[in-house]
Amino acid sequence: QVQLVESGGGLVQAGGSLRLSCAASGRTFSSYAMGWFRQAPGKEREFVAAVRRSDGTTYYADSVKGRFTISRDYAKSTVYLQMNSLKPDDTAVYYCAAASTPRGSSTWYATITNYDYWGQGTQVTVSS
């Protein structure tokens, strides 16, 4: 089992940047594929980005491609989400998630139900 704690959310103006962190504890961090998801008020939770456990391959939702970057630091057992050129539509609660039995396809990594563990979420608000 792994515990996930997100941090780094806050209020930022459109065009600004934030970096979210997700610290993992418990089982070996390298055993998990890691993902970021978000949920805006009144909307379903959606995929943002993911990084594989083996070779560091990354996947992104089309809506954030070119603006967000996911990365992981094995020494710190932490996964990051660098968010640049933020838009009001990026306003949401952002969740970190871990998958213990990842598969190879990008579709798999974007599927919420494939993740076993979730953090409590961190609020990101982008003002116009």
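How many bridges join strand S3 (residues 18-26) to S8, and do the two run parallel or antiparallel? Please describe the surroundings as well.

Analyst: Six bridges join S3 to S8, and the two strands run antiparallel. The model is predicted, so local features need pLDDT of at least 70 and side-chain atom pairs count only at pLDDT 80 or more, while totals for chains, interfaces and linings use all residues. Residues are numbered from 1 along each chain as its sequence is written, and side-chain values use heavy atoms, with hydrogens and water left out.

Strands here are DSSP runs of E with at least two residues, numbered from the N terminus; two strands pair if DSSP finds at least two bridges between them. S7 and S8 form a hairpin with four residues between them, and Ser-77 in the turn has a positive phi of about 50°.

These strands belong to an open sheet of four, in the order S1-S3-S8-S7, with antiparallel pairing. S1 (2-7) and S7 are the edge strands, each pairing on one side only. From one strand to the next the twist averages 15°, where axes are lines fitted to C-alpha atoms and angles run from 0 to 180 degrees between N-to-C directions. S1 is joined to S3 by six antiparallel bridges, and Glu-6 has Cys-22 of S3 as its bridge partner.

S8 (residues 78-83) is mostly covered, with five of its six residues buried; buried means under 20% relative accessible area, with a 1.4 Å probe and protein chains only. Leu-81 is in contact (heavy atoms within 4.5 Å) with residues including Leu-18, Leu-20, Trp-36, Val-48, Phe-68, Ile-70 and Tyr-94, its neighbours within four places in sequence being left aside. A nonpolar core is a set of buried Ala, Val, Leu, Ile, Met, Phe, Trp, Tyr and Cys residues joined through side-chain atoms within 4.5 Å. The largest such core has 40 residues, and Leu-81, Val-79 and Met-83 are among those with the most contacts inside it. Strand S9 (residues 92-99) gives the most to this core, with six residues.

Cys-22 is joined to Cys-96, S to S 2.1 Å. Cys-22 lies in S3 and Cys-96 in S9, so the pair ties together parts that are 74 residues apart in sequence. Cys-22 is buried at 0% relative accessible area, and Cys-96 is buried at 0% too.

Conventions
Buried means under 20% relative accessible area, exposed over 50%, partly exposed in between (1.4 Å probe, protein chains only). A disulfide is a pair of cysteine sulfur atoms within 2.5 Å.
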